[in-house]
Amino acid sequence: SEIDSIHKELNDSFVASALSALGKAPSVKSTSPYPLLSIQYRVHQLRQLAILIQENTDAFCEALDKDFGKPAREILMGELGPAFERTLQSAKDVESWAKTTPAEGVPEWQSTWGARVEKRAKGVVLIISPWNYPIILTFQPLIGAIAAGCCAVIKPSEIIPTFSTLIAELVPKYLDPAAYRVVLGAVPEITRLLELKWDHIFYTGNGRVGRIIASAAAKHLTPITLELGGKSPVIVDPATCGDLALAAKRIIWGKINNAGQICIAPDYVLIPRASIPAFTAAVSKALAEFFPDGALNSKDYGRIVSPLHFNRVKALLSRTTGKIVVGGKTGRGGEHAVDRVVEPTLIVFDDIEVGAKDITMEEELFAPLLPVIPVDSIADALAFVRARDHPLVIYAFTNDDKLKQTILDSTLSGNTVFNDTFQQLSVDQIPFGGVGESGYGRQVLKYTFDEFAYQRSVLDIPQKAEPSLTIRYPPTTEKNLSF
Ligand code: NAD
């Protein structure tokens, strides 16, 4: 099938690039002026990717508007801008990332052994991306794969067909088809892809499918990166957070991005009962500022991706046992993205136990719904978080350094952000990724490069080092037993 021949062609290209060093390369139909997968080649392809992004900004915005009414502002700020910058940054840094590094701290007697670590491309890799931030979540792993010198197959999400078709058109126009290809399709195509042997699989999406990917990869012992999601809590300590209204504004802003359809959205809030009225009032005020004509009518507010997901969110709204104190209204749903809109909604519970058992607390919400659960103390909030899977993020609003340390010491999460939401995505120098149920592996920039580059250790032990090694040979004597 087509999938099998793409897989074979890329494997042939990858092998050819290695053999070209021996002058034995079979011919590969590359469009690049540089030797396949050399550093110049990678830089050239990264620049081509940056041009692809720059020249097709409007086309991307139109495609994502058509697929799910994604606001242009969010696409530019959250996807195209960072994807463009990270592509160029990687083009600048790839040479230093790819450099062989001498081992540090080698003892004197091994100092002549040339101990070093070289960064080798793993080979031909598979990138499977989701629908929610499809530009950045497709290109970010691709940037790392290109930088590491891998060939790659990209499988974008079938849930957003206009975008996925666009990617399939653009990638061969700008990037070298000898090394980078797009496969479109849904479960049958992915199933075939997953039967083939890859040198790395980078999957971003939900944990249920993450398990399918992990078991398919296990058959070939293929290393994988799983960027998953989960229920990321927000802990609010009104006594030490300073301005509660500002905290509320930052939390609800984190929730309305992409209408809550992002892996790092605040999933639920744990806050002392007495502060709930002030918190909900501050959320209402912030929403009125963001959407003066209401969120349902705002072009700055995203839509729900599909009729299926819209109906899922409506079902949560109708089945929750909590009280809807802010929002709660929806559009009429259906085939048109514009109608699949759900107001930012606060669902307040009277009791921690009731909140814990509610339908909104069963799975990651991935919607603009925000359960607010009362706690009697911050210790209760921490116990609540600890009793659940390690989340992708813990957000906590407090200025108390001791409490911050307690939170860090008593929990585990992919990232932890104090006093804001989302900003972990804007600091490229820290790794982004999950732990436990929220996945494993890291991005961005050098961290993504490291997912796709194998760190091979190399030793070259000179014969003149022999005097320091003779002790290892039998027969045993008193001399070689003494330390
Ligand atoms: P999705 O439905 O688009 O699926 C993701 C990918 O998995 C798609 O390419 C899809 O074709 C593929 N897929 C679907 N069913 C499959 C199957 N049975 N076998 C193999 N592959 C299959 O997107 P989604 O999973 O709904 O995305 C949302 C989830 O992704 C959320 O849980 C979110 O938290 C998580 N997410 C995580 C990150 C991160 O960086 N950690 C980023 C974005 C989204």
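Trainee: How are H4 and H5 oriented to each other?

Mentor: Two packed helices are described by the angle between their axes and the distance between the axes. One caveat before the case: this is a predicted model, so local features need pLDDT of at least 70 and side-chain atom pairs count only at pLDDT 80 or more, while totals for chains, interfaces and linings use all residues. Residues are numbered from 1 along each chain as its sequence is written. Helices (H or I, at least four residues) and strands (E, at least two) are DSSP runs numbered from the N terminus. Axes are lines fitted to C-alpha atoms, for helices over the stretch in contact, with angles from 0 to 180 degrees between N-to-C directions. Here, the axes of H4 (residues 72–97) and H5 (residues 134–148) cross at roughly 10° and come within 10 Å. H4 and H5 are therefore roughly parallel to each other (under 35 degrees is roughly parallel, over 145 roughly antiparallel, 65 to 115 roughly perpendicular, the rest oblique).

Trainee: Which residues in H4 meet H5?

Mentor: Contact means C-beta atoms, placed from the backbone, within 7 Å. On the H4 side you'll find Glu 79, Leu 80, Pro 82, Ala 83, Arg 86, Thr 87, Ser 90, Val 94 and Trp 97. They meet Ile 135, Ile 136, Phe 139, Gln 140, Ile 143 and Ala 147 in H5. That contact holds ten nonpolar, three polar and two charged residues (Ala, Val, Leu, Ile, Met, Phe, Trp, Tyr, Cys and Pro are nonpolar; Asp, Glu, Lys and Arg charged; the others, Gly among them, polar).

Trainee: And how are H3 and H6 oriented to each other?

Mentor: H3 (residues 57–68) and H6 (residues 161–174) have axes 7 Å apart, at an angle of about 150°. H3 and H6 are therefore roughly antiparallel. Ala 59, Ala 63, Leu 64, Lys 66 and Asp 67 in H3 meet Pro 161, Thr 162, Phe 163 and Leu 166 in H6. By class, that's six nonpolar, one polar and two charged.

Trainee: Which residues have the most contacts inside the largest nonpolar core?

Mentor: A nonpolar core joins buried Ala, Val, Leu, Ile, Met, Phe, Trp, Tyr and Cys residues through C-beta atoms within 7 Å. Buried means 20 or more other C-beta atoms within 10 Å, exposed 12 or fewer, partly exposed in between, with C-beta atoms placed from the backbone. The largest core has 131 residues, and Val 125, Ile 127, Ala 152, Val 269 and Val 372 have the most contacts inside it. H5 gives the largest share, ten residues. Leaving out residues up to four places away in sequence, Val 269 touches Val 234, Val 236, Ile 251, Leu 370, Val 372 and Ile 373.

Trainee: Is Ile 235 buried or exposed?

Mentor: Ile 235 lies in strand E8 (residues 233–236) and counts as buried, with 23 C-beta neighbours inside 10 Å. Its C-alpha atom is 9.8 Å from that of Asn 419, 184 residues apart along the chain.

Trainee: What is phi of Asn 258?

Mentor: Phi of Asn 258 is near 50°, a positive value in a residue other than glycine. Asn 258 sits in the loop between helix H9 (244–256) and strand E9 (268–272) and is buried, with 24 other C-beta atoms within 10 Å. Leu 221, not a glycine either, has a positive phi of about 55°, but Leu 221 is exposed, with 7 other C-beta atoms within 10 Å.

Trainee: Where is there a cis peptide bond with omega about 5°?

Mentor: Look at the bond joining Pro 474 and Pro 475. Pro 475 is in the loop between strand E16 (453–458) and helix H16 (478–481). The bond from Gln 443 to Val 444 is cis too, with omega near 25°.

How values were computed
Two residues are in contact if their C-beta atoms, placed from the backbone, lie within 7 Å.
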